[in-house]
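Subject: Structure for you to look at

Hello,

I am handing over the structure we spoke about. Please have a look at it first; my notes follow below.

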Amino acid sequence: MKNVHVLDEGRAETVAGIRFAGIGDPQFTPDVRAQVGPMNTTMTLRPSLTGGTKINVSPLGALSLDSHHAPVRLDVNVDQLDPERSQALVDHPERLSGLQDEVARDVEHGTLDLAVRSCTAVVLGATTLGLAVYRRPRRALAAGGLALTLLAASGATAFATWNPKSILEPKFSGLLSSAPSLVGNARNIVTEFDVYQQELARLVTNVTKLYDVTSTLPAYQPDPTTIRVLHVSDIHLNPASWKIIASLVEQYKVNVIVDTGDTMDHGTTAENGFLDPIADLGAPYVWVRGNHDSLATQRYLQRIKNVHVLDEGRAETVAGIRFAGIGDPQFTPDRSTAPGADNAEELAGDQLASSLRDQRAAGTPVDIALVHEPSAARQTDGEVPLVLAGHLHHEGTEVMKHGTRLRIEGSTGGSGLRAVEGKYPDPIEASILYVDRDTHRLQAWDEIKLGGLGLTTAEVSRHLPKENLPGAPQSPSPSPTPSPSPSSPRPSGTLSRTP
């Protein structure tokens, strides 16, 4: 058309004295409008290296599901909530019992419609393009057939890797980051579905109001069946961390805060005043020393009200949970690597493991062990259900050989001043651990990730231990391992020591 300037593939053009450049949307399939439960949605297939499903709920944010692994991603945009269907669910909560099947049927119907339209569009597009390029019908048909084959292979891969349980472990972003706390912990969602239905009804009600009159989401109701543990680590003198921790304590109704060290950066007495806000965080504070924390730091913390300092394997019950911990045997405020660092960490881990065995023999078994270095944590495998660590500045979780779960926290201080050393600022990370009040076992955890220095993003990911997924057999408790003889090798980590 006259006076229209089409930009694609990065092509640049000067219009009205301004230099423009652009690229077209990579989407290669048509949109499909579908009703999913009480929602009007638009479904789209997009090319992707990782696959999965992304559900956009504007303006609340989005949630991502690891639903499949294929070179296509399913995007579902929630355009609006149907007021009549939403109100019907609120007026008749019993209908929620059939909502799951209804949603499954709606998604299946919408996806099938999308697949048919996508195949048609791709084949016609490839055939037309082939005819324009080659000007031979046979080659054009071959191009269309190849496109159909590739799309069918992608669909078959997505079907083969489909994970219907991915809805149990969504990743939330935007305002939806508060969704896990709104509906309670994962154990209730699985075992107390009637309570979850009521919370879902309240959530639907308020989201409907939000679309209509920008109302707020329902107030958080604490769940009395779980103990909430806030795990933080590697604050590294970032004063913003205290405000974030206080906010999480209030939002999630945290019962106890656990800090696995490197709260300081150099461990000098001049830094001690940085620790004073701990007294006003609103929850007991359990702490073990990191390699950037000095003994002077430890002595100062011992004098602060409501702080419980653990070292040399000492055990203490706080908020109904039995903790034991040991401080990092090294003090390296200048980021140096001391000779024999790995051996020192393993010896500290051995000392903690011995204390754990003594506690169990005395009839006071420890529920959660605390260290700073993950390599020290590995020495406790089989002696405790859960061990928490930090140091690496990135989160991680694994179940070790003898059944102990190792949970490593990222940097709740965004690596402190080191946040500005790299190309991108490090995120601020923390976790909410949901611990059963009766068994003292981990039921679920939320990974919280906030954008680093100068960023305003927020993500919350819900995770369930495999033994807590629906239909999964209950795993046995970690089996105590016999004390090793001097010639017996102990499991040891190969993690490199970073300051």
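In which helix does Tyr134 lie? Tyr134 belongs to helix α2, which covers residues 99-134. Please keep in mind that this is a predicted model. With a relative accessible area of 43%, Tyr134 is partly exposed. Together with Leu129 and Val133, Tyr134 makes a nonpolar surface patch of about 320 Å².

Next, the sheet. Six strands form an open sheet in the order β13-β14-β15-β16-β18-β17, and the pairing is mixed. The edges are taken by β13 (315-318) and β17 (396-399); each has a single partner strand, so one side of each is left without a neighbour in the sheet. From one strand to the next, the twist averages 25 degrees. Strand β14 (residues 321-325) runs antiparallel to β13, and four bridges join the two. In one of these strands, β14, Ala324 is the bridge partner of Ala315. As background, strands of a sheet pair through backbone hydrogen bonds, either parallel or antiparallel.

Last, the aromatic rings. The structure holds two aromatic pairs. One of them is formed by Trp242 and Phe274: the pair is tilted, with 5.2 Å centre to centre and 40 degrees between the planes. Trp242 lies in helix α7 (residues 240-252), while Phe274 is in the loop between β10 (256-259) and β11 (285-287), so the pair ties together parts that are 32 residues apart in sequence. Trp242 and Phe274 are both buried. Ring pairs also link Trp242, Phe274 and Tyr285 into a cluster.

Regards

Definitions and conventions. Residues numbered from 1 in each chain as written. Predicted model: local features only at pLDDT ≥ 70, side-chain atom pairs only at ≥ 80, totals over all residues. Heavy atoms only, no water. Patch = residues over 30% accessible without salt bridge, like charges linked within 9 Å, V, L, I, M, F, W, Y side chains within 5 Å. Areas by Shrake-Rupley, 256 points an atom, 1.4 Å probe, with all protein chains shown as cover. Salt bridge = Lys/Arg side-chain N within 4 Å of Asp/Glu carboxyl O. Buried < 20%, exposed > 50% of the residue type's maximum accessible area, 1.4 Å probe, protein only. Pairing = 2+ DSSP bridges. Axes fitted to C-alpha atoms, helices over the stretch in contact; angles between N-to-C directions. Phe/Tyr/Trp six-rings, centres within 6.5 Å; stacked < 30°, edge-to-face > 60°.
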